[in-house]
Every structure is written in C-alpha cells, then in structure tokens.
Amino acid sequence: AGRVIDGVMRALDLDRNNRIMAIANCLWGAGSGIYLPIWPIHLERLGASPTVLGILLGLAGVIGIVISIPAASLATRLGLKRALLVGWGLAPFGTAIFAVASTWEAVVPGIIALALVGLCGPAYSSYIGVAAGGRDLPRTFTLMGASITLGTVLTAPIGGAIADAFGMTPVLIGATILYFLSFASTWRLDDLRIGDASATGATGAASAPLVPVAGSAWRGFIELVREPAFARPVAGLLALVAAGQVGLALAPAWLAGTYGYSQATIGLLGSIEAGASIGMNVILGQVAARRGATFALGVAGAMTVASHAALLGAGPRWLGGAAYLLRGGAGTFHWIGTGAIGAILARLSRRLPGASERGFAIYYAAEGAVGAAATMSAGALYGLWAPGPFAVSLGGVAVMSAIVLWRAGTRKPGGRDTLSGGGPGMAGVTEESSR
C-alpha cells in the first residue's frame with residue numbers, strides 16, 4: 001500500500017519529503033476517520049448535553065489560541081522536524097485516554113492532548129512549503145488535504161460498524177494504533193530548515209532565514225497583523241470558515257437524533273464525505289492554480305450551501321448521502337486557504353524575516369478561535385432549535401460565497417487574485433522566483 005501511495009504522489013509532482021508527509025497524513029486520516037464521524041454520538045451517550053457537546057467539540061480551538069505563540073517559538077527554536085515530532089507524538093495519548101473514559105468529563109484530558117498536537121501546526125505548514133520548493137503551494141496543500149481524506153475513506157465505515165457491534169472502545173484503540181503509525185512515519189522526514197538550499201527546488205529561490213521568536217517577537221507579530229496583504233485575506237477566509245463550521249460539527253447528532261441513522265450508516269456517510277473530499281481537494285486545487293484561490297473557495301462554498309440544504313431534509317437516506325457528498329466542499333476551505341496564505345507569507349518573508357512561522361501561528365490561532373466559537377455556538381443553537389446550526393450556516397455561507405464569486409468574477413483575466421495576492425497559476429511562486 002505504501003508503494004502504491006508513493007507512486008501516486010510521484011505522479012502528482014510531490015517531492016520525497018512531501019510524499020512521506022502524505023503517507024503520514026493518510027495514516028492520520030485513517031486514525032481520525034475511524035472515530036470522528038460518530039464521536040458526537042458517543043459524547044452524547046456519555047451524558048453530554050447539546051451545550052456541553054458544543055463546548056467539548058470547540059475546546060481544542062480554544063487551546064489552539066493559547067498555544068499559538070509557543071507553537072511558532074517551537075518551530076524556530078527546535079527546527080521544523082523536531083517540532084513536528086513533539087506535537088505529532090501527542091495524538092496517540094489523546095485517543096488512548098478516550099478509550100478508557102466512561103464519562104464525558106473523563107475525555108477532557110484526551111481532548112487537551114489532541115489539541116496540543118497543534119504545537120506542530122506552524123512547523124507542519126512551513127515544512128510542506130520548504131519541501132515543495134518552487135511548486136505551486138495551493139495545489140501542494142490541497143494534495144496534502146487529499147492524502148488525509150484518503151485514509152478517512154478507508155476507515156470511516158469500519159468505525160461505525162465496529163461501534164454498533166462492540167462499542168466505541170475497540171474503535172478508539174484502533175485510532176490510537178493508527179495515530180502512532182502516522183507519528184512513526186514522520187521520523188523518515190529529512191531535517192529541513194527554512195533557507196536550506198536543498199529545499200529550494202528548481203526555482204533556486206531561497207526562503208527567508210529561520211529566526212528565533214524572541215526579543216522582538218511581539219513586534220514581528222504586530223507588524224504582520226498590520227500588513228494588509230496578510231490581514232485582509234485572513235479575515236475573509238476566517239469568516240467563511242466560521243460560517244461553514246457552524247453547520248458541520250453536529251451533523252452526526254442531527255441525523256441520529258432526528259432521522260434515526262445508525263452509527264454504521266453515519267460512518268459510511270463519513271467515508272462518502274472523505275472520498276468526495278479527495279476529488280474536491282485535487283480539483284479545486286487545480287481551479288485555485290488556474291482561476292485563483294478566491295474563485296475556488298466560492299465554488300466550495302456553493303457546495304457547502306447545497307449540502308446543508310440536503311441535510312435539513314435528510315429523511316431519505318439518499319439525501320443524507322448527497323449532503324455528505326457535497327459537504328466535503330467545506331473541508332477544502334482550510335487547505336485552499338492555507339496554500340494561499342502560505343504563498344502570501346512566502347512573499348512577505350523577503351522583507352519581514354520570520355513571517356512564515358509567525359503568519360501560520362496567527363492563522364492557526366485565529367482559525368482555532370473562530371472554529372471554537374462556531375462549534376460552541378452550534379451546540380447552543382442545537383439545544384434551542386435542532387435545525388438552527390444548519391440553517392444559520394446555510395445562510396452565512398451562501399451570502400459570503402456569493403460575495404466571493406462576485407469578486408472573483410470582476411477580476412480581469414491575469415489580474416491579481418483577491419486571496420492569494422497573485423495571478424492564476426502564480427499562487428505558490430515567490431517574487432524572486434518569478435523574475
């Protein structure tokens with residue numbers, strides 16, 4: 001299986017290190033896919049009310065805000081690979097705690113352990129960018145997203161079936177094993193650092209040097225936040241992520257509680273969603289490269305709107321399948337956005353040393369904050385009116401997608417893309433390499 005995946009990654013023009021990262025991602029996706037589609041149902045059965053459920057599902061985002069600055073410091077002080085290993089290795093401990101928990105309160109330490117995996121977030125994104133060299137970054141990041149969902153496709157239906165037959169404990173043990181194998185894969189990565197000549201690819205463009213996040217660190221973060229080329233695209237992207245997240249987290253609870261879907265069926269739907277996401281990540285990554293990230297996100301938003309509409313009337317199982325098929329569009333928000341933000345930070349790093357690590361730290365912290373707020377709000381809405389989160393998300397994403405598509409449509413051919421700051425096909429090219 002590893003040789004097959006490696007061959008596919010070669011065909012998709014990924015370098016050796018990003019091929020290894022894709023395999024680690026695939027195993028990570030398998031670990032997540034085996035339990036996450038039915039995780040809200042399990043928390044309800046452990047006694048969590050809708051409001052508590054929203055808090056538990058959003059807690060990781062809150063922790064992400066707290067660790068954002070240490071995460072950037074970790075990447076700069078330890079180096080990219082060592083920072084990856086420190087964060088990635090915490091995941092198996094989280095799901096092992098879940099496996100022995102008998103109340104919703106007992107899962108909280110596991111949630112914290114999994115949230116601390118975010119310590120490697122800036123290192124993860126920076127490593128992919130460094131390893132990619134001169135390759136198109138939105139396309140590379142969407143391929144990384146596709147590699148995660150590939151693993152989810154394989155395990156999501158298995159998890160639901162096992163849970164129906166034997167309970168959640170064996171499911172969570174399986175997740176722990178898969179997370180450990182994913183962590184073990186990252187040991188094969190080369191110890192790259194930002195600025196390595198070996199990581200510049202065919203363009204010969206060198207990245208900004210890796211600088212310690214100390215002394216003038218806060219000034220560096222403030223300068224980046226005040227930079228319109230960074231702050232404006234991030235703000236727009238976060239608004240879209242927040243609107244989409246409101247309608248995502250509690251879909252399993254909605255289907256099980258309102259329409260009587262079994263865990264096996266919901267697991268199968270999770271596999272359908274993941275399979276569709278693979279295609280969407282690859283296709284919309286190509287769209288982002290050719291038409292701009294703004295247009296690609298607008299298309300993904302339109303798919304998300306259609307998904308929520310189908311979810312609200314998902315009594316017929318085919319409508320539930322259609323909802324999960326289309327909701328993979330929201331899953332591309334993060335990957336297309338991350339690639340576009342990475343391209344912006346690559347340009348800014350020429351005059352703002354450390355912009356890559358700090359920028360990703362800011363972005364992940366902000367994404368965690370809006371994700372946590374959206375998920376907690378969804379829990380409160382669900383407790384008041386069960387269809388509420390999906391109706392609110394549908395309306396919010398519809399409005400923003402219309403604006404995004406309108407802005408993309410008014411851009412002249414070959415003009416500057418609103419989000420990535422470059423023309424189509426140039427989102428991953430630095431200023432130096434484009435000369």
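**A helix pair, a covered helix and a core**

Let me begin with helix 4 (residues 50-66) and helix 19 (residues 355-384), which pack with their axes 7 Å apart and at an angle of about 175°. Axes here are lines fitted to C-alpha atoms, for helices over the stretch in contact, and angles run from 0 to 180 degrees between N-to-C directions. Helix 4 is therefore roughly antiparallel to helix 19, a term for angles over 145 degrees. The residues of this contact (heavy atoms within 4.5 Å) comprise 12 nonpolar, nine polar and no charged. In that count, Ala, Val, Leu, Ile, Met, Phe, Trp, Tyr, Cys and Pro are nonpolar, Asp, Glu, Lys and Arg are charged, and the others, Gly among them, are polar.

A word on provenance. This is a predicted model, in which local features need pLDDT of at least 70 and side-chain atom pairs count only at pLDDT 80 or more, while totals for chains, interfaces and linings use all residues. Residues are numbered from 1 along each chain as its sequence is written, and side-chain values use heavy atoms, with hydrogens and water left out.

The chain has 21 helices and zero strands, where helices are DSSP runs of H or I with at least four residues, strands are runs of E with at least two, and both are numbered from the N terminus. Of its 435 residues, 58% are buried, meaning under 20% relative accessible area with a 1.4 Å probe, protein chains only.

Which residues of helix 6 are buried? They are Leu80, Lys81, Ala83, Leu84, Leu85, Gly87 and Trp88. Their cover includes helices 2, 5, 7, 9 and 11.

Leu84 also belongs to the largest nonpolar core, of 114 residues, where Met21, Tyr35, Leu84, Tyr124 and Leu255 touch the most other members. Such a core is a set of buried Ala, Val, Leu, Ile, Met, Phe, Trp, Tyr and Cys residues joined through side-chain atoms within 4.5 Å. Beyond four places in sequence, Tyr35 touches Thr95, Phe98, Leu114, Met168, Val171, Leu172, Ala175 and Tyr179.

Finally, confidence. The mean pLDDT, the predictor's confidence in each residue from 0 to 100, is 82 for the chain. Over residues 197-215 the pLDDT stays under 50.

Technical notes. Buried < 20%, exposed > 50% of the residue type's maximum accessible area, 1.4 Å probe, protein only. Parallel < 35°, antiparallel > 145°, perpendicular 65-115°, else oblique.
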